[in-house]
Amino acid sequence: QVPLVESGGGLVQAGGSLRLSCAVSGRAFSTYRMGWFRQTPGKEREFVATINWSGSATSYGDSVKGRFTISRDNAKNTVYLQMNSLKPEDTAVYLCAARKPPDDQYKYWGQGTQVTVSS
């Protein structure tokens, strides 16, 4: 098991910013690919962003490109999601996920943190 704990969610007005954090337990964090996903009731889980083990490569879902930035601090076992120019449609539960090599799927998930963007 790889415990993941998200924090930083909350209520923000449209156009505002939030930074989410995901703290990961264990010594092998620096080997994991990390991802952020989001979930709203009645919809499929949506990919938000991912970052490789070193932080040198990132990719984003189309709906957040140019507004969100994923980063990581391997010394702190933490991955971040900086969210700018938030829109009401960004409202969701945001989940952090870890993928251990050589797995090809994210097998470890946090409980999520609620982000609500008011118009």
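Guide: A residue is called buried when its relative accessible area is under 20%, exposed when that area is over 50%, and partly exposed in between, using a 1.4 Å probe and protein chains only. The model is predicted, so local features need pLDDT of at least 70 and side-chain atom pairs count only at pLDDT 80 or more, while totals for chains, interfaces and linings use all residues. Residues are numbered from 1 along each chain as its sequence is written, and side-chain values use heavy atoms, with hydrogens and water left out.

Visitor: Is Asp90 buried or exposed?

Guide: The relative accessible area of Asp90 is 1%. Because this value falls under the 20% limit, Asp90 is classed as buried.

Visitor: How many salt bridges does a search of the whole structure find?

Guide: Side chains of opposite charge can pair when their charged atoms come close. A salt bridge is counted when a side-chain nitrogen of Lys or Arg lies within 4 Å of a carboxyl oxygen of Asp or Glu. By this criterion, the number found in the whole structure is 5.

Visitor: Which residue forms a salt bridge with Arg38 at 2.9 Å?

Guide: The closest N and O atoms of this pair are 2.9 Å apart, and the partner of Arg38 is Asp90. The pair links distant parts of the chain, 52 residues apart: Arg38 belongs to strand β4 (residues 33-39), and its partner, in the loop between β8 and β9 (92-99), is Asp90.

Visitor: Which residues are linked with Arg38 in a network of salt bridges?

Guide: Arg38, which is buried at 6% relative accessibility, also meets Glu46 in a salt bridge of 2.8 Å, N to O. Arg67 forms a salt bridge with Asp90, with the closest N and O atoms 2.7 Å apart. The residues linked with Arg38 in the network are therefore Glu46, Arg67 and Asp90.

Visitor: Where is Met83 placed, and is Met83 buried or exposed?

Guide: Met83 is placed in strand β8 (residues 78-83); strands are DSSP runs of E with at least two residues, numbered from the N terminus. The relative accessibility of Met83 is 0%, so Met83 counts as buried.

Terms used
Helices (H or I, at least four residues) and strands (E, at least two) are DSSP runs, numbered from the N terminus.
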